Amino acid sequence: MSAVAAVVVHPADTVAVVVASVGGRAGQTLADGTALRENVPLGHKVALRDLAEGDPIVRYGEVIGRAAAAIPRGAWISEALVRMPPAPDLAAMPRTRRPPPPMEPLPGQTFEGFRNPDGSVGVKNVLAISISVQCVAGVAAHVVERVKRELLPRFPHVDDVVALDHAYGCGVAIDAPDAQVPIRTLRNLARNPNFGGETLILGLGCEKLLPERLKDGDATADIVRLQDDAFDGFEAMVQGVIAAALPRLERLNARRRETCPVSDLVVGVQCGGSDALSGLTANPAVGFAADLIVRAGGSVMFSEVTEVRDAIHLLVERAASDEVAEALIREMAWYDAYLARGGADRSANTTPGNKSGGLANIVEKALGSVVKSGSAPIVDVLAPGERIRTKGMIFAATPASDFICGTQQLASGIALQVFTTGRGTPYGLAAAPVVKVATNSTLATRWRDLVDLDAGRIATGEASLAEVGWELYRLILDVASGRKTVAADRLGLHNGLALFNPGPVT
Ligand code: CA
C-alpha cells in the first residue's frame, strides 16, 4: 500500500499534515513509516513522534502549541490536544533585523493599465460616487442604477459606476482620536487608482463628517449636497448628481489602457476561510508571486493584524529599517490594546471552519498566513487607511475580517487583490478585481466557476510551487491588463464596503 500523502514543512517539525484528498485511514503509513493510529481528515496533523504532555508541537519550524495530553506517534492531533502558547511579548522582543538580501531584479515586466493624473495606475476605469454619510446612500444607489441604465451605454470605455457605501459620517464621535481611521480611510478610498481621480462626492448638508474633509485638498472635486435649496424634490436631486457625473464620465471615457511597468502596480493579498492547506499551497504560491512583483519593482500589501501577530518576530527580522521594525511592533501593540478594550484577544480570530479545516489555533493560522508576504524585505508599514508611499513589500495594518481588510486595502491604494481560500468564500469587490486562489483541489473542483486558480495541485503533486506561483503572477498581469476577467466580476459577486471604525458611536 502506498504512503498517505502528507507534508512536513520544516525539518524540526513534530507533525505532518495529511494532504490526501480523502484523508488518511487508520493503519495506513506516512512516507517516514509513521503508522496512523486513527483516521485523520484532510488538512489535519499527525504526530511524527511520541509527545508527552507539555511537549512542544512544532510546525513550520515554530512552536504552535503544547501537547495538552500525551500524544503517541501516528495519532491525530485534534484542536483539543493543542494548548495555545502566549503571543510573542512585544516589549521584550529583540529588534534584531536580518533583512533578506536584495532580490534579483525582474526587468521588462509590463501590464496595460490606466495612468492617472497623480501618477498611480488603475486596472479598471470606474466612476466612483463617494458619500460623506450613510443618510444619502439610498440616493447614491438610485443614481448608480440610473447611470448604469441610462448613461453607461453612451460611455463604452467606462467599466462601471460604484457608490462607496459605508455606515460612517454621523452619529459618531467625530473628534475622538480613533475617528481619524475611518475618516482617512474614506478620503483615501476616493483616491483609489481604479477611480481615475474623478470621484464625485455626495453629501447631505447637516452631517458631522463635512464632505470637504473627503476632498483632500482637491479644489476641483465637486460636492453635491442633497439639502441644497436648489433641489426641489427627489428628481431634481437625482438630476443634480447626474449633472455632476456627466463631465466625469466624459473624461473617463476618453481614457485608454497604456503599457505601464509592473513597478506601477499595487496588489493586495489576503486570505479568508483558511484551512490547514492554506499555509502549504495557496499562501506560499501567493508569496512566490509577490516576490516576482517586488522583483519587477512593483508593490504588494499584506495585512490582517491578528493573523500576523503570532509571527511578528519573523516579520521584524525582515524589516528594511529600524523604523519599519518599530512600526510593525507599534501596529501590533495598538491592536492588542484595541482587542483588550473589547475584552478579547487574538485567539478570537479563528473560526469554527478554520478548526474543522485543521487549524488548531491562531498561532498555526498566522504562521501559514504570513507566507503570503513572500521573502522580500518589508519596506514600509501603513496604519489603517493610510495611503501607499513606498514601492515594495508593505504591511498595511487592517483587521483580518475579509470585507474590512478589502475596504482598508482599497483605501491604501491597491488596484487588484489576491484572495486565498480553503473553505471557500464567494468574496469579491466592485472597485477592484479579486483573484481567488483555492488551497485545495476539492474546493477548486466543486467551485470551478467561483475560483480563479487551483493551488491544491501543489499538494497533489500535479504542479510545483514555482509553477503555480508563476501561473498566478501571469494571471495577475492578465487581469490587471483587462485580458482576463475574474470569477467574482464575471458573476457580479461584490461585497459591500466595510470601514474599520475603532472609534465611539454616539
Ligand atoms: Ca481575511
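Me: Which residues do ring pairs link into a cluster?
Reply: Rings of Phe, Tyr and Trp (its six-membered ring) count as a pair if their centres lie within 6.5 Å; planes under 30 degrees apart are stacked, over 60 edge-to-face, and the rest tilted. By that rule, ring pairs join up a cluster of Trp 334, Tyr 335, Tyr 338 and Phe 500.

Me: Before we go on, what kind of model is this?
Reply: Residues are numbered from 1 along each chain as its sequence is written, and side-chain values use heavy atoms, with hydrogens and water left out. Local features need pLDDT of at least 70, side-chain atom pairs count only at pLDDT 80 or more, and totals for chains, interfaces and linings use all residues, since the model is predicted.

Me: How many aromatic pairs does a search of the whole structure find, and what is the angle between the planes of Trp 334 and Phe 500?
Reply: The search turns up 9 aromatic pairs. Trp 334 and Phe 500 make an edge-to-face one, with 6.1 Å from centre to centre and the planes at 85°.

Me: How many residues apart are Trp 334 and Phe 500?
Reply: Helices (H or I, at least four residues) and strands (E, at least two) are DSSP runs, numbered from the N terminus. Trp 334 sits in helix 7 (residues 322–341), while Phe 500 is in the segment after helix 14 (487–491). The pair links distant parts of the chain, with a separation of 166 residues.

Me: Which helix holds Trp 470 and Tyr 473?
Reply: Trp 470 and Tyr 473 are another edge-to-face pair, 5.7 Å centre to centre with 90° between the planes. They are 3 residues apart, about one turn of the helix, and both lie in helix 13.

Me: Which protein residues are donors to the calcium ion?
Reply: Donors are N, O and S atoms within 2.8 Å of the metal (3.2 Å for Na, K and Ca), and water is not among the atoms, so sites may look incomplete. The protein donors lie 2.3 to 2.6 Å from the calcium ion, and they come from Gln 270, Cys 271, Glu 304, Ala 400 and Asp 402.

Me: How far apart in the chain are Cys 271 and Ala 400?
Reply: Both residues are buried. Cys 271 belongs to strand 15 (residues 266–271), and Ala 400 to the loop between strand 18 (393–396) and helix 10 (402–412). Their separation is 129 residues.

Me: What is phi of Glu 304?
Reply: Glu 304 is in the loop between strand 16 (299–302) and helix 5 (305–308), and with 0% relative accessibility it is buried. Its phi is positive even though it isn't a glycine, with a value near 65°.

Me: Which hand does the crossing of helix 2 and helix 10 have?
Reply: The axes of helix 2 (residues 180–189) and helix 10 come within 7 Å and cross at roughly 60°, where axes are lines fitted to C-alpha atoms, for helices over the stretch in contact, and angles run from 0 to 180 degrees between N-to-C directions. A crossing is left-handed if the near helix is turned anticlockwise from the far one by less than a right angle, and right-handed if clockwise. Here the crossing is left-handed.

Technical notes
Buried < 20%, exposed > 50% of the residue type's maximum accessible area, 1.4 Å probe, protein only.
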